Amino acid sequence: MARGRGSASTSRAIVVMAFAVACCCCSNLAADAATTYYVGDSNGWSFGSPSWPNGKHFHAGDTLVFRYVPWIHNVVAVDEDGYNGCTTPPGSRTYTSGDDRVTLARGDNFFICTRFGHCNLGMKLVVYAT
């Protein structure tokens, strides 16, 4: 018996290949999806935050959410010198909302609280992102 152009097995193979390509594309998107982390977990951004990153693996593009009482704390994204000296270098970004979202860059990301001498009391954080 004569068949038309193509066969059922060829059509099935094309459908299977299209499905496989779609699955690969979706899994790559999921693998590249950024993760949102809440600094200090349920304690929020506080004096216990410096050890919070231990055991976590961060990637460039991940988001850190800093939750805190705005009139008590703030978040300042600084460079390494600002972190070490508890200073705010020119060009540093200061966050004051109490619910701040910061996207991580590749490498070390440094954060301090500049309210009431908190940084000098240990309220600072460094997060390394690959």
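Among the contacts in the chain that join residues at least 6 apart in sequence, 66% link residues at least 24 apart. The model in which these contacts were computed is a predicted one. Of the 130 residues of the chain, 33% count as buried, and the accessible surface comes to about 8200 Å², with 57% of that area belonging to carbon and sulfur atoms.

The chain contains two helices and seven strands, and these elements follow one another along the sequence in the pattern α-β-β-β-α-β-β-β-β. Three of the strands form an open sheet with mixed pairing, in which the order is β1-β2-β5. Strands β1 (36-38) and β5 stand at the edges of this sheet, and each has a single partner strand, so that one side of each is left without a neighbour in the sheet. Neighbouring strands of the sheet are turned against each other by 25 degrees on average, when direction is ignored. Strands of a sheet pair through backbone hydrogen bonds, and they may do so in a parallel or an antiparallel manner. Strands β2 and β5 run antiparallel and are joined by five bridges; among the residues involved, Phe66 has Asp100 in β5 as its bridge partner.

The structure holds one salt bridge, which is formed by the side chains of Asp99 and Arg67 at 3.2 Å, taken from N to O. Because Asp99 lies in strand β5 (residues 99-103) and Arg67 in strand β2 (residues 63-67), the pair ties together parts that are 32 residues apart in sequence. Side chains of opposite charge can pair in this way when their charged atoms come close. With a relative accessibility of 38%, Asp99 counts as partly exposed, and Arg67, at 42%, also counts as partly exposed.

A further site considered here is Phe111, which is found in strand β6 (residues 107-112). Phe111 has a relative accessibility of 2% and therefore counts as buried, the cut-off for this class being under 20%. When residues up to four places away in sequence are not counted, Phe111 touches Trp45, Leu64, Phe66, Val75, Val76, Ala77, Tyr83, Val102, Leu104, Lys124 and Leu125. One of these residues, Leu125, is 14 residues from Phe111 along the chain, and the C-alpha atoms of the two are separated by 5.1 Å.

Methods. Residues numbered from 1 in each chain as written. Predicted model: local features only at pLDDT ≥ 70, side-chain atom pairs only at ≥ 80, totals over all residues. Heavy atoms only, no water. Salt bridge = Lys/Arg side-chain N within 4 Å of Asp/Glu carboxyl O. Helix = DSSP H or I, 4+ residues; strand = E, 2+ residues; numbered from the N terminus. Buried < 20%, exposed > 50% of the residue type's maximum accessible area, 1.4 Å probe, protein only. Pairing = 2+ DSSP bridges. Axes fitted to C-alpha atoms, helices over the stretch in contact; angles between N-to-C directions. Contact = heavy atoms within 4.5 Å. Areas by Shrake-Rupley, 256 points an atom, 1.4 Å probe, with all protein chains shown as cover.
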